[in-house]
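Good morning, and thank you for coming. I would like to take you through one protein chain, beginning with a question about its side chains. Please have the sequence and the structure in view.

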Amino acid sequence: MNRSLASSLSPASPSRATATSTLQQDGAWRPAIVLGLGSLLLLGLAYAVAATSASRLLFPAQADGSLLLRDGQVRGSQLIAQPFVGDGYFQARPSAANYDPMAAAGSNLARSNPALEERVHEATQAVALREGITVAQVPGDLVTQSGAGMDPELSPAAAAVQVARVARSRGLPLDQVQALVKAHTQGPQWGVFGQPRVNVMTLNAALDAQPPHGTP
């Protein structure tokens, strides 16, 4: 065989093969980096900015956390329960997290756990004494904890047993407090899902906005 032809058919030199492999690797990294940066900017920044802007434009109150304001000060959120001190307020459901949003959780006690039975029994006795009703009249949601411990809503029955105490403490007519409860009672979602419920946060805010009885 001709020497020149043999040399032309011989394998590429190691240096040339290495250079070709390096070029191929560089070409594979470039689209991966571009795709990663593009996805980060599009999904991590542009989408977040667009979604936040749209929500603030369409639902400004909800986007800010459904805050309750009084005299320009934030008093809470209608989505998160908080403890109220004094007989002049409606009380929400008990909270295993002590109404701390950073520790939202249930008790995780099984129905067969004696500790749960004891706690419910003690809570039932305390609610009956506080409201001046019998143990049998205590609604279950006043002595049981929600899954997150932040539920701001009660059943209408649980709000009704507190009306007399709140009215008496604030010196308001019973029918006035009952009307407030009715005004803050919501029906099932879209008329289908869930049960009627009363938002304790908005109800107590409305109570604080009431003028003292006898004020013109």
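Which residue does Arg-93 meet in a salt bridge through its side chain? The partner is Asp-151, with 3.5 Å from N to O. A salt bridge here is a side-chain nitrogen of Lys or Arg within 4 Å of a carboxyl oxygen of Asp or Glu. The pair links distant parts of the chain, 58 residues apart: Arg-93 is in the loop between β2 and α4, and Asp-151 is in the loop between α4 and β3.

Before I continue, a word on the source. This is a predicted model, in which local features need pLDDT of at least 70 and side-chain atom pairs count only at pLDDT 80 or more, while totals for chains, interfaces and linings use all residues. Residues are numbered from 1 along each chain as its sequence is written, and side-chain values use heavy atoms, with hydrogens and water left out.

Now the overall layout. The protein chain has eight helices and five strands; these are DSSP runs numbered from the N terminus, helices being H or I of at least four residues and strands E of at least two. Of its 216 residues, 26% are buried. Buried means under 20% relative accessible area, exposed means over 50%, and partly exposed lies in between, with a 1.4 Å probe and protein chains only. By these limits Arg-93 is buried because its relative accessibility is 16%, whereas Asp-151, at 23%, is partly exposed.

The whole structure holds five salt bridges. Another of them joins Arg-170 to Asp-208, with the closest N and O atoms 2.9 Å apart. Arg-170 belongs to helix α6 and Asp-208 to helix α8, so this pair ties together parts 38 residues apart in sequence. Within it, the closest N and O atoms of Arg-130 and Glu-131 are 2.6 Å apart.

Let us turn to the interior. In soluble globular proteins, nonpolar side chains tend to be buried together. The largest nonpolar core in this model has 29 residues, and Phe-90, Val-138 and Leu-207 are among those with the most contacts inside it. Such a core is a set of buried Ala, Val, Leu, Ile, Met, Phe, Trp, Tyr and Cys residues joined through side-chain atoms within 4.5 Å. Which element gives the largest share of this core? Helix α8 does, with four residues.

Finally, consider the backbone. Most residues other than glycine have a negative phi. Asn-98, however, has a positive phi of about 55°, and Tyr-99 also has a positive value, near 60°. Asn-98 is in the loop between β2 and α4, and Tyr-99 lies in the loop between β2 and α4 as well. Are these residues buried or exposed? Asn-98 counts as exposed because its relative accessibility is 63%, while Tyr-99, at 19%, counts as buried.
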